[in-house]
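Please look over the sequence and the model below before reading on.

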Amino acid sequence: MDSPSSPATISVCIAAYQAEEWIADALDSILAQTRPADEIVVVDDGSTDGTAAILAGYGDRIRVVRQENSGYPTAMNRAIRESSGDYVAPTGADDIWEPRKLEWQAEAIAAHPEVGVHFGHAVFFGRVEGDYERPTGTGLLDNRVLLHDLFRIYPINMPSTVLRRDLFDRVDWFRDGFLADDSEFFFKCLRQDVRFYYEPRTLVRYRSHDVNITNNLAAVREGLHLVRSWNLDQLDDPRFAARAMADDFFRIGRAHIDEGRPREGRRAIRHSLRYARGNSLYANARALAWITLLSLPDAVSRPLGASAARLGVGGAIDPPESASA
């Protein structure tokens, strides 16, 4: 780790797969930073399109590691292991950094060397437009408040983060083959009393497109729910825990409905009702309304369910949480 007399070094780590449409935009935004990255490591995770040729065009401005296709968490872990900075900045091959991202985060690192996870605001563009959810508070965050945030929403956008390298030995690496690997990592950080810092200015434009790994929203929701269920012991309010679990199952159900699986949606929403104790009257009525709707014959329930989803009845499904490859 850096000494008090020398600034911390930051390695940018990218996992790229079939990224020929976007990788140049991502790299150009990183190379245009007002505070340059100390190195940029790209793991080409077995791409068969033009990704390799585009990467070759950047010459010695980046370091490329090629491997057989192994999936996003494995490729990102490889990129981090291949890098050498005091801090690592993992990002997708399709996201765009604002020009002062590293400048602002380097300033926060210098001011708060005790922080392990720096992250900031992000905005969606492309297929989905809008703001990423924000945590409660700015700057140095209260870990108990952030824990509750992670049970309600998902405010940590992975491409916005800068992480202390020693976290990976202290906490663990991203879990291979698991869609909620990032949320699991941050919950583990909270268990280890790692400090978090939030930059409220926009750091990242998070691209949403038809081949994001998070387009299977029901699977992402189920992975996030699994992580939250593993961490219920960190909560000291049973009513809050019940509401969080009820909301999880409702959102999983809505995602299944939106993806054309009403039977799975009905099952998940029924699970939501099992956590009715401590839940709001509105949430219970919402779940019952959807179960009633989905109990109708398919010829009736499918078009009605689709119409309700388009109108946002019962709460809209918010944008995907996890980083894309």
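A crossing of two helices is called right-handed if the near helix is turned clockwise from the far one by less than a right angle, and left-handed if the turn is anticlockwise. With that in mind, and remembering that this is a predicted model, the reader may turn to helix H7, residues 181-191, and helix H8, residues 217-230, whose axes come within 9 Å and cross at roughly 15 degrees. Because angles under 35 degrees count as roughly parallel, H7 is described as roughly parallel to H8. The crossing in which H7 passes H8 is right-handed. On the side of H7 the contact is made by Ser183, Glu184, Phe187 and Arg191, while H8 contributes Leu224, Val227, Arg228 and Trp230. Sorted by class, the residues in this contact of H7 with H8 are four nonpolar, one polar and three charged.

Since Phe186 lies in helix H7 and Phe196 in strand S10, residues 195-208, the pair ties together parts that are ten residues apart in sequence. Phe186 has 0% relative accessibility and therefore counts as buried, and Phe196, also at 0% relative accessibility, is classed as buried too. Ring pairs link Phe185, Phe186 and Phe196 with Phe168, Trp173 and Phe174 into a cluster.

Two aspartates in loops on either side of H7 deserve a separate look. Asp172, found in the loop between helix H6 (167-170) and H7, has a phi near 145 degrees, which is a positive value in a residue other than glycine. With 35% relative accessibility, Asp172 counts as partly exposed. Asp193, in turn, lies in the loop between H7 and S10, and although Asp193 is not a glycine, its phi is positive at about 60 degrees. The relative accessible area of Asp193 is 58%, so this residue is exposed.

How values were computed:
Residues are numbered from 1 along each chain as its sequence is written. This is a predicted model: local features need pLDDT of at least 70, side-chain atom pairs count only at pLDDT 80 or more; totals for chains, interfaces and linings use all residues. Side-chain values use heavy atoms; hydrogens and water are left out. Axes are lines fitted to C-alpha atoms, for helices over the stretch in contact, and angles run from 0 to 180 degrees between N-to-C directions. Helices (H or I, at least four residues) and strands (E, at least two) are DSSP runs, numbered from the N terminus. Angles under 35 degrees count as roughly parallel, over 145 as roughly antiparallel, 65 to 115 as roughly perpendicular and the rest as oblique. Contact means heavy atoms within 4.5 Å. Ala, Val, Leu, Ile, Met, Phe, Trp, Tyr, Cys and Pro count as nonpolar, Asp, Glu, Lys and Arg as charged, and the others, Gly among them, as polar. Buried means under 20% relative accessible area, exposed over 50%, partly exposed in between (1.4 Å probe, protein chains only). Rings of Phe, Tyr and Trp (its six-membered ring) pair if their centres lie within 6.5 Å; planes under 30 degrees apart count as stacked, over 60 as edge-to-face and the rest as tilted.
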